[in-house]
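Hi,

Here is the structure I promised to pass on. Have a look at it first, and my notes follow below.

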Amino acid sequence: MAFSSFHDAATAQDAGWRQTHLGRLMGSALRRFDARVLQLMAHNVEVPLALSNLAARDQVSAAHVHITRHLALQGDRLTDLAQRAGMTKQAMANLVDQCEAWGLVTREADPLDARARRVCFTPAGLAWLQAFRDAVAQAEAEFRAEVGDDVATVVSIGLEAYAGGAGGA
């Protein structure tokens with residue numbers, strides 16, 4: 001087979017998989033899901049108005065949601081929060097600074113170590129957390145309605161197994 005005809009066949013074959021492989025589909029689904037959650041949070045009347053406005057203007061990103069996902073209700077040291085979120089301490093410190101300025105979290109003295117500080121939810125942050133919970137539940141319900149209960153269950157079980165796997169070759 002000549003290079004040009006091999007190249008043409010490979011190019012035609014190549015075009016599809018790069019757009020539809022599992023990693024790309026999961027990434028696209030995650031971006032869609034996170035965008036929907038943030039949209040729902042922006043319109044939740046329980047979220048303080050300033051936070052709703054930030055979410056509505058796309059000032060809150062999925063990165064900011066890391067704090068919502070990973071901060072323990074009793075608070076955490078910054079290093080523990082960063083480790084659980086899979087981020088560097090510096091990157092998490094920047095997010096905490098922003099969230100502190102928005103009134104979601106505060107830094108308090110650690111009762112176990114006078115040198116350390118704990119990141120804790122404020123009352124507004126707890127309202128944000130509840131809005132996040134409600135938005136995730138609604139986005140999951142919308143996903144189920146769109147793909148059907150059986151498919152949603154299989155996807156959920158499959159992703160849970162894959163995410164919890166050792167993953168290596």
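The largest share of the largest pocket's lining, eight residues, is supplied by α8. This is a predicted model, in which local features need pLDDT of at least 70 and side-chain atom pairs count only at pLDDT 80 or more, while totals for chains, interfaces and linings use all residues. Residues are numbered from 1 along each chain as its sequence is written, and side-chain values use heavy atoms, with hydrogens and water left out.

Back to the pocket (on a 1 Å grid over the protein atoms alone, an open set of points where a 1.4 Å probe fits, with protein on both sides within 12 Å along at least five of seven lines; lining residues have an atom within 4 Å of a point). It holds about 940 Å³ of space. Of its 22 lining residues, Ala29, Phe33, Phe143, Val155 and Leu159 are the closest to the centre. Helices α2 (22-42), α7 and α8 (149-164) each give at least two residues to the lining; helices here are DSSP runs of H or I, at least four residues, numbered from the N terminus.

Glu142 sits in helix α7 (residues 123-147). Its side chain joins that of Arg36 in a polar contact of 2.7 Å (N or O atoms within 3.5 Å, one able to donate a hydrogen and the other to accept it; residues adjacent in sequence count only if both atoms are side-chain atoms). Glu142 and Arg36 are 106 residues apart in sequence, and 9.7 Å apart C-alpha to C-alpha.

Finally, the whole structure has zero disulfides (cysteine sulfur atoms within 2.5 Å).

Best wishes

Technical notes:
Points joined across faces, edges and corners; volume = space filled by probe spheres on them.
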